[in-house]
Amino acid sequence: MCGIVSLCYATEVAAMGHEAGELLKRLEYRGYDSTGASFIDADGVITLLKKVGAPSRVVPELGIDRQGGQRFIGQVRWATYGAVSDVNSQPHHVRCKVELVGAHNGNISNTDALKPTLTAQGHAVVSDNDGEMITHLTEDAYAANLANPGPALAACRAACAAAALNAAIPDGAFLLLDAARTADARGEGSYAAAFADPKVPGVVAVKSGSSLYAGIGTDAHGDFVVVSSDLTSVLSKTRMLIPLSEGEGIWFTEREYLVFTLGGRLAFSKPRPKRSKLNVRDTGLRDPFHYFMEQEIASAPDNLDEVLRYYFRTPETESLFAAFEDRQDLCKALVAKVLALYEAADEAALANAFETLLLDSVHQELATRVRPHAEVLHAHRGQPISDERQLLADLGRLAPQALETLALFDLLIVWKKQRRVTRHLQELVQAIREAGKEGGRIFLVASGTSYHAALVAGTFFNNLAGVAVFPCNPGIFRSMYLNTLQPHDLLVGITQSGETKDLVDIFTDVRARVPGLRRISLVNNENSRIPQELSEFYLPILCGPEIAVAATKSFLNQVAILYVLAATFSLTERKVAANLERAKDLITETLRISEADVEEAAKRLYLEPSLHILGTGLIGLAREGALKIREVVLNHAEGYDAAEFKHGPNTILGKNTLFSIQDLASLLEVYEQHRDGRPFAGGIEALQAWPELVETRFSNYPLVFVCPNEERDVRITISQIHTHKIRGADILLIAEKNPELALAVAGKPMGQERYWSKYIEVPASGDANLFAFAATVALQRLAFRMSVLKMEYLNRLTVADHGVHPDAPKNVSKSITVD
């Protein structure tokens with residue numbers, strides 16, 4: 001995954017290190033294998049500080065936060081090419097042919113071939129890291145440009161003239177950005193990068209298949225430009241974003257900037273900054289939460305409100321929205337004028353533009369037409385709910401007398417998106433029907449958590465729509481189905497980021513192989529590549545930014561939308577909406593009533609080295625619950641179908657050789673009690689001398705059952721509980737209240753005195769499909785609490801680099817750059 005960040009001020013700033021440290025910490029979820037920071041002072045001297053470890057630890061250890069500087073390039077690493085070591089950490093300071101500092105985020109896939117080539121060309125390659133390769137490639141091209149500047153300067157000046165740009169760009173900046181273009185042509189892969197020559201003003205950053213954002217603003221230290229792999233870090237400095245598209249780069253100082261094309265013919269532009277729809281507060285940690293994972297689990301009911309808002313009509317706004325429909329042309333024109341306010345360069349410009357809009361004839365005509373609905377607008381004033389809520393909140397602060405007008409704008413924006421979403425929902429329902437009628441197959445393709453949501457969707461479609469769907473991850477799809485595709489098949493991709501590379505590849509392959517096959521997506525990031533470039537249309541997931549690496553709220557919203565899609569085949573819109581309201585209530589109630597039971601279970605399980613989650617008819621939910629435990633607790637966990645467990649995996653029950661840290665500590669205690677003053681032989685000899693050291697440490701194996709309240713599922717679960725607890729299983733059950741299940745769980749088998757069990761009751765749903773929502777948050781909360789407990793335990797033992805953390809566990813990738 002990794003992340004890069006760069007910041008440039010006009011003059012040397014004593015507090016640059018503080019700013020750099022805060023930016024690096026905001027990137028910690030993207031990389032915690034190593035952290036690095038390069039500072040360039042006003043005299044062009046580079047200071048490079050980097051080592052293995054996460055920003056929260058490395059920044060104070062290396063004194064990054066105490067450095068000064070005029071320019072800064074930093075990186076957090078999630079290792080791919082090259083071991084986790086100081087030398088493989090980034091940025092890279094090179095001076096084989098010319099002095100340069102650079103860092104990258106992503107993969108340079110021809111690294112193995114580039115290393116000997118660069119060495120043969122006179123470069124001292126000191127690491128195995130692909131970031132060093134792209135930095136040396138840029139250095140090589142830059143040195144060639146400096147030796148013969150004419151062609152590159154001529155091309156750059158011609159491109160500037162063609163774009164009617166007359167800014168005073170230093171020749172060195174032209175030569176460096178041209179070198180970045182040349183390096184991009186030689187490097188293969190997906191990445192973002194930043195480079196700086198200490199003797200040339202500014203920084204060059206490129207966006208070549210990986211995320212990169214740029215912002216411009218002013219703070220206590222003066223004007224600045226900041227670029228980062230992560231939008232939240234940019235938003236921590238400024239709301240004004242410089243638009244950057246895929247395949248573009250940017251040269252920038254504290255105020256000047258120039259956007260250029262990476263591939264093909266060189267072209268320059270200077271797009272106007274635009275106000276971000278998000279505020280850093282949208283991505284911050286709020287009281288009373290201590291972790292993003294905890295906050296995001298708790299936000300699930302609010303996120304379902306977003307689904308209800310855009311996927312269904314509501315009685316409160318139905319008459320107003322009907323009035324909007326009568327004058328669609330007028331409404332769309334006004335929405336466009338509202339969105340144009342994003343181009344205001346600062347708050348003064350925003351206030352002036354808003355005053356002008358209030359006097360606009362389009363606004364005044366529509367305001368007259370909706371006057372009969374003034375009561376709806378009045379009730380809605382001061383509570384923006386649309387995607388543009390931050391802009392409207394800013395306007396409300398600047399013009400508090402215009403709250404009713406802002407309510408009109410807000411509901412207009414909701415209406416416009418709602419009509420698009422509901423139209424696309426019906427289009428997808430129709431596409432599924434047509435595919436089935438023509439003998440086509442419906443593929444739900446997704447990775448990780450999204451794949452598990454697709455598996456849950458398979459149950460929904462079977463139960464509610466009577467439609468067979470094929471949930472698969474990209475590897476399964478490519479190996480089992482890609483060569484069998486027909487034009488009547490249907491591809492539905494499910495993705496949080498909309499940039500997941502293996503899913504992007506599937507969409508690209510399908511488009512090339514079977515152009516007539518319809519490609520549709522469910523996506524959270526609506527401005528990403530899959531919905532904007534590779535899909536015929538998309539449905540939004542609507543869960544907002546997700547900061548914790550382990551996805552929780554996106555899973556629930558995906559499940560919700562897939563439920564809506566399947567239920568639409570058999571239920572009325574009003575009934576589907578009512579069921580989703582019920583699902584929201586189930587989540588809220590589950591979080592309330594199960595907290596103590598989940599805590600007890602977490603304390604019992606957090607040091608267990610392995611467990612299985614067994615879903616009766618809910619294999620997708622079982623796998624997702626197990627994935628959450630693997631991700632944030634770092635304990636082995638597997639998700640299985642309950643009945644399938646007896647076909648092999650049950651061999652782990654009874655005596656097994658899985659021992660936890662706690663078990664090892666107890667072994668030493670037993671040894672101390674039995675050695676009778678004899679010297680410790682160590683190793684196998686000690687175990688042979690005192691067999692009880694091992695014999696007394698065998699323990700029951702934990703099984704977590706997840707069971708809907710359906711008669712057949714209950715019968716299967718009861719049978720499996722009895723089958724496994726007599727063979728050495730401890731039982732945790734997540735289910736609705738059921739006396740027969742309770743007896744099966746609580747009954748202690750004869751001869752199994754150490755048997756442990758727990759029944760976590762979730763609220764009665766009245767619908768086996770809705771049970772999935774309650775069970776999901778119970779499993780998520782269990783994984784979260786296990787993670788916190790284990791992290792605290794390992795911290796008390798002073799275990800270095802253990803990697804257990806609910807928000808940023810080691811080795812887990814959330815983003816798009818890892819194949």
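Trainee: Is R781 buried or exposed?
Mentor: This is a predicted model, where local features need pLDDT of at least 70, side-chain atom pairs count only at pLDDT 80 or more, and totals for chains, interfaces and linings use all residues. Residues are numbered from 1 along each chain as its sequence is written, and side-chain values use heavy atoms, without hydrogens and water. Buried means under 20% relative accessible area, exposed over 50%, partly exposed in between (1.4 Å probe, protein chains only). R781 has 17% relative accessibility, so the residue is buried.

Trainee: What is the relative accessible area of V799?
Mentor: V799 belongs to the segment after α30. V799 counts as partly exposed because its relative accessible area is 37%.

Trainee: How much space lies in the second largest pocket?
Mentor: A pocket is an open set of 1 Å grid points where a 1.4 Å probe fits, with protein on both sides within 12 Å along at least five of seven lines. Volume is the space filled by probe spheres set on the points. Here that gives about 890 Å³.

Trainee: Which residues are closest to the centre of the second largest pocket?
Mentor: The lining (an atom within 4 Å of a point) has 35 residues. Closest to the centre are E28, A54, S56, H805 and A808.

Trainee: Which element gives the most to the lining of the second largest pocket?
Mentor: Helices are DSSP runs (H or I, at least four residues). α1 (16–26), α2 (55–62) and α30 (771–796) each give two or more residues. With three residues, the top contributor is α1.
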